[in-house]
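Q: I am new to reading protein models. Can you walk me through a few features, one at a time?

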Amino acid sequence: GSNEIIEDGLNGTIIPVKNTEALIKAMEDCLKNSSNFLNSNEKYRDLISKKYNQNFVWSQQLKEYEKFK
């Protein structure tokens with residue numbers, strides 16, 4: 001899910017559930033610093049592709065399955 005991809009302060013903001021003040025602050029920050037978000041798409045793509053590389057995911061799954069042996 002998105003909580004696994006988003007790293008608070010690095011590539012996004014995680015907002016606590018039902019926290020209106022945090023949502024307002026995050027939206028204001030996004031509007032004030034929009035250039036930071038627009039110029040970072042490639043960085044985010046790299047982060048996601050490294051973190052969710054198919055071989056990496058499969059090797060991690062295999063490690064978990066091997067614990068059941």
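Q: Is Asn-11 buried or exposed, and how is that decided?
A: Buried means under 20% relative accessible area, exposed over 50%, and partly exposed in between, using a 1.4 Å probe and protein chains only. Asn-11 has 10% relative accessibility, so Asn-11 counts as buried. This is a predicted model, where local features need pLDDT of at least 70, side-chain atom pairs count only at pLDDT 80 or more, and totals for chains, interfaces and linings use all residues. Residues are numbered from 1 along each chain as its sequence is written, and side-chain values use heavy atoms, leaving out hydrogens and water.

Q: Which residues does Asn-11 touch?
A: Contact means heavy atoms within 4.5 Å. Not counting residues up to four places away in sequence, Asn-11 touches Ile-5, Ile-6, Tyr-44 and Leu-47. Asn-11 lies in the loop between helix H1 (2-5) and helix H2 (20-32). Helices are DSSP runs (H or I, at least four residues), numbered from the N terminus.

Q: How many salt bridges does the structure hold?
A: Side chains of opposite charge can pair when their charged atoms come close. A salt bridge is a side-chain nitrogen of Lys or Arg within 4 Å of a carboxyl oxygen of Asp or Glu. The structure holds 2. Lys-25 pairs with Asp-29, with the closest N and O atoms 2.9 Å apart. Both lie in helix H2, 4 residues apart, about one turn of the helix. Glu-64 pairs with Lys-67, and here the closest N and O atoms are 3.1 Å apart.

Q: Is Lys-67 buried or exposed?
A: Lys-67 has 61% relative accessibility, so Lys-67 counts as exposed. Glu-64 is partly exposed, at 43%.

Key:
Helices (H or I, at least four residues) and strands (E, at least two) are DSSP runs, numbered from the N terminus.
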